[in-house]
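Notes follow in the order I took them.

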Amino acid sequence: MSTADVAIAAVSAADPGGLTDRILDFLRSIGLAVCEAEVPDDSFLPGLRIERGGLRVDRARLRWPGDLLHEAGHLAVVPAAQRPTLDDALQDLPAVPHGGEIEATAWAWAALCHLGMDPAVLFHDGGYHGRSAGLRTAFELGVYLGASGLAAAGLTLLPAQQVPGGPHAYPHMLTWLRD
């Protein structure tokens, strides 16, 4: 077996359901730039970094496929004109109304629902600074933290904004990327 075959087998064992492929296909389909290349060990998240408004993914180092959704959420909720300026130093980004951490989390939940994936993919035990279980419970109960910001940004509707016969409310999205 070649070195490449061993690496592919290791990634497949770590991601038996092909979650990474499904997520990357979705992200590309909505217009987010995704580059598969080596990511240094010092990256904020293993195997993943935001780079010039896109995602750089190292399958061999990616530990949690759900992190792709959350980091993509950061890209999606900022205005298109600012997106190319984003990199791993998100804390250096000027404050963007309705484009913060909680909106990125709500966006990631909507994407997870759209893909029909288990909530533990997004809210895994290794993420959210030990708050994954609480966030998972809140979202599963319909307490959609950040959804109002997504609605204010024009990405979704809140239940009170929904009209009969019109588009569905969050977690359905009107559009995936902010203009």
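Predicted model: local features only at pLDDT ≥ 70, side-chain atom pairs only at ≥ 80, totals over all residues.

My look-up returned nine salt bridges in the structure.

I took Arg28 first. Arg28 pairs with Glu36, with 3.2 Å between the closest N and O atoms. I checked how open the two ends are: Arg28 is partly exposed at 36% relative accessibility, and Glu36 is partly exposed too, at 39%. I then found that this pair belongs to a network of salt bridges that links Asp21, Arg28, Glu36 and Arg59.

Next I went to Arg61, which meets Asp41 in a salt bridge at 3.0 Å, N to O. I noted that the pair joins distant parts of the chain, 20 residues apart: Arg61 sits in the loop between S3 and H3, Asp41 in the loop between S1 (34-36) and S2. Asp41 has 65% relative accessibility, so I put it down as exposed, the cut-off being over 50%. Arg61, at 30%, is partly exposed.

I also logged Arg56 with Glu51, closest N and O atoms 3.0 Å apart. Arg56 comes out partly exposed at 23%, and Glu51 likewise at 24%.

Then I turned to H3, residues 66-76. How many of its residues are buried? I got eleven of eleven. What do they pack against?

Conventions:
Residues numbered from 1 in each chain as written. Heavy atoms only, no water. Buried < 20%, exposed > 50% of the residue type's maximum accessible area, 1.4 Å probe, protein only. Helix = DSSP H or I, 4+ residues; strand = E, 2+ residues; numbered from the N terminus. Salt bridge = Lys/Arg side-chain N within 4 Å of Asp/Glu carboxyl O.
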